[in-house]
Amino acid sequence: VSSAGPTLPLEKPLYLGVHMRFWMQGHIVLFGFLALGIEALLSLLGLWQKHVAIPLIFLLLLAQVGMNFNAMDQSNNWYTYEFGRRMLDSKLPDAILLTQGDVVTNSIRYQQRCEKHRLDVAHLDMPMMTYEWFKTMHGPHFPGGIDFPGVQFAVGGKRMKEHRTCCSYSMRQFLDANLKDKGRPVYIVGGWYGSENGDGLPIGVPGYHAEPVGYGALITRATNTLKTKEFKAYAKNFTIPSDLPAPARYDKTTWESMILKDYITFAQSLHVTRMDRAIAKGKEKVENSPWIKEQGELQIVISELEKLREVAEAAQDGMEALYRNLGIAYGRLKCEHPSQYPKVDCLGQTKMREMMKKFLGVTKKPKEEVATEQLVVDNPNSFINLG
């Protein structure tokens, strides 16, 4: 019965795992029938007696414990605790933190409500902001105060059917009201909840920019992005824990697997942003040089992405984007003698093709969307500069 009309798409392993947790109610009914069946079987065999039935029941219970104890023993599982802690500790004092997603929101909520940790951070769950009671019940209690330009958050800037006819507000209006104080940073984790940009434009909010800084993104006005020194400070302080959920123990139906996936996403977003910033600094000053001048930054990015590749391959998650981004990074790594390639080897060219080949092996994108990557792989003896 519990599987007859699920509200979650069960083809996704995590949603299947969420759905499976509700099978316990059905199991209670099943165990009642199981008890009747055992009574009937033992009676048929002439064994329905206290000295047989009671030891048998305890034996069955002990067998369940023995077979499943290792899998069910979570006494050393601190992954959600650590995840929420890192999410808060990476934020500047008195910040506003916008979130979406169960494991993100609830791990932070636990730290603040139960551990009383980083209570200076005003944590707002964007899906909850769509309800009228959110402003009324939670609004007055946020540290530092929050300016709500209306009663209910309108996702994508469009009033929802259940909203009252007045008083909804867009994310742009919310940011306009709360980013006036330059000393109070606003972060977002889990991405924008709905897009207020026009059709065909990237997901986002007009006039604002969300720049990955590790555990989430810092929201700034589009004309006031982070200075290089500020960004490098975030990058320097960002690490993922050495003790990560083991994929062999926590499959993709578990929240621990989602935490591992988020770590990979956070790290990759930060390092790719670092590469984009290096590219934006321009080419070497040498005349007609094809190489970006920030080669030191590029090498740091490659080193960090290679470490992340080990994690992603073990988890079998996030590899598609990671292979491609590593290929792009290697393709910009300077060759000392590009005119003599391939007679004179070039690490960047060799590794670029290796990564792009891996990317093509896992991507499900149509051929027309991976034509450039295919060109790189199909021409092993041609020097290809990605700019």
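Predicted model: local features only at pLDDT ≥ 70, side-chain atom pairs only at ≥ 80, totals over all residues.
Trainee: Why is C335 paired with C346 as a disulfide?
Mentor: The cut-off is 2.5 Å between cysteine sulfur atoms. In C335 and C346 the S to S distance is 1.6 Å. That is within the cut-off, so the pair counts as a disulfide. By this rule the count comes to one disulfide.

Trainee: What kind of bond is that?
Mentor: A disulfide is a covalent bond between the sulfur atoms of two cysteines.

Trainee: What makes the disulfide of C335 and C346 left-handed?
Mentor: Look at the torsion about the S-S bond. For C335 and C346 the torsion is about -65°, so the disulfide is called left-handed.

Trainee: Where do C335 and C346 lie, and what does the pair tie together?
Mentor: C335 is in the loop between α11 (319-331) and α12 (347-362), and C346 is in the loop between α11 and α12 too. The pair therefore ties together parts that are eleven residues apart in sequence.

Trainee: Why is C335 called buried?
Mentor: Buried means under 20% relative accessible area. C335 has 5%, so C335 is buried. C346 also has 5% relative accessibility, so C346 counts as buried.

Trainee: What is phi in D94 and in R118?
Mentor: Phi of D94 is near 65°, a positive value in a residue other than glycine. Phi of R118 is near 50°, again positive in a residue other than glycine. Most residues other than glycine have a negative phi.

Trainee: How do you know that β1 and β2 pair?
Mentor: Pairing needs at least two bridges. β1 and β2 have four, so they pair, and the sense is parallel. I96 stands opposite A122 in β2. From β1 the chain crosses through α5 to β2, and this β-α-β crossover is right-handed.

Trainee: What makes β5 and β7 a pair?
Mentor: Three bridges join β5 (186-189) to β7 (217-221). At least two are needed, so the strands pair, and they run antiparallel. Y187 stands opposite L218 in β7.

How values were computed:
Residues numbered from 1 in each chain as written. Heavy atoms only, no water. Right-handed = clockwise from strand over helix to strand, strands pointing away. Buried < 20%, exposed > 50% of the residue type's maximum accessible area, 1.4 Å probe, protein only.
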